[in-house]
Amino acid sequence: MTIDTIILIPFLLIDTTLLNYLQKELYKTFEIPVIIEKEINLPKLGYSEKRRQYEGHYFLEELKKLGYKDKIVLGVCDVDLYVWGFNFIFGLASPREKVAVISLTRLKEEFYNKPKRESIFFIRSLKEATHEIGHLFYLEHCKDKKCVMFFSNSLLDTDRKGPNFCPSCLKKLKERLPKSK
Ligand SMILES: [Zn+2]
Ligand SMILES: [Zn+2]
């Protein structure tokens, strides 16, 4: 694998402060350049009026259309996502195609009618972004509840886990990242 860059693609307008934070923190974790690209539109298809949610795979399709090769492409959206069999998802990844998406909607305290808390929203976003990028490096879900690769079924899971990989996941990741000089 010769992945050497992470590309962040906002769907519509996403808070620049958050994107800059993700760029800086993801670079620390993965040690490869992180580029923020221009925003793109939401998929034309995939919205369910009944659920008031988008089906996540349509976002992966939009990201694939951008045609990046040998890059990690992470979409960031602020609409609620689902896939078949789940009420909602925080994110979705296609490791073979190197595209993933995270949804910010349910990471905000306001979604649960609580006062806005930017710091907790930012760290949750980082955990979900790191998790999905981990999948793109073929990491699977981890049993360690503190590991960022632990599967988040709820916000409790996201808040309990750290933004970092456990030693075992980190070892696998390091083997798959470009060799540092
Ligand atoms: Zn996962
Ligand atoms: Zn782990």
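How many of the residues of β5 are buried? Six of its six residues are buried, and β5 is thus described as mostly covered, where a residue is buried if 20 or more other C-beta atoms, placed from the backbone, lie within 10 Å of its own, exposed if 12 or fewer do, and partly exposed in between. The model is predicted, with local features needing pLDDT of at least 70 and side-chain atom pairs counting only at pLDDT 80 or more, while totals for chains, interfaces and linings use all residues. Residues are numbered from 1 along each chain as its sequence is written, and chains are lettered from A and ligands numbered from 1 in the order in which they are written.

**The sheet**

- Five strands make up an open sheet of mixed pairing, in the order β2-β1-β5-β8-β7; strands (E, at least two residues) and helices (H or I, at least four) are DSSP runs numbered from the N terminus, and two strands pair if DSSP finds at least two bridges between them.
- At the edges stand β2 (34–36) and β7 (91–94), each of which pairs on one side only.
- From one strand to the next the twist averages 15°, angles being taken from 0 to 180 degrees between the N-to-C directions of axes, which are lines fitted to C-alpha atoms, for helices over the stretch in contact.
- β7 pairs with β8 (residues 99–103) in the antiparallel sense over four bridges, and G91 has I102 of β8 as its bridge partner.

- The pairing of β5 with β1 is parallel and runs over five bridges, with I7 opposite V73 in β5.
- The pairing of β5 with β8 is likewise parallel over five bridges, and here L74 stands opposite A100 in β8.

**Helices on the sheet**

- Helix α1 (residues 16–30) lies across β1 (6–10) and β2 and runs at about 160° to β1.
- Helix α3 (residues 118–136) packs on the sheet and touches β1, β5 (72–77), β7 and β8, its direction making about 160° with that of β8; residues are in contact if their C-beta atoms, placed from the backbone, lie within 7 Å.

**Positive phi outside glycine**

- R52, in the loop between β3 (47–48) and β4 (53–55), has a positive phi of about 55° although it is not a glycine, and R52 counts as exposed because it has 10 C-beta neighbours inside 10 Å.
- N113, in the loop between β8 and α3, is not a glycine either and has a positive phi of about 60°; with 6 other C-beta atoms within 10 Å, N113 is exposed.

Terms used. Two residues are in contact if their C-beta atoms, placed from the backbone, lie within 7 Å.
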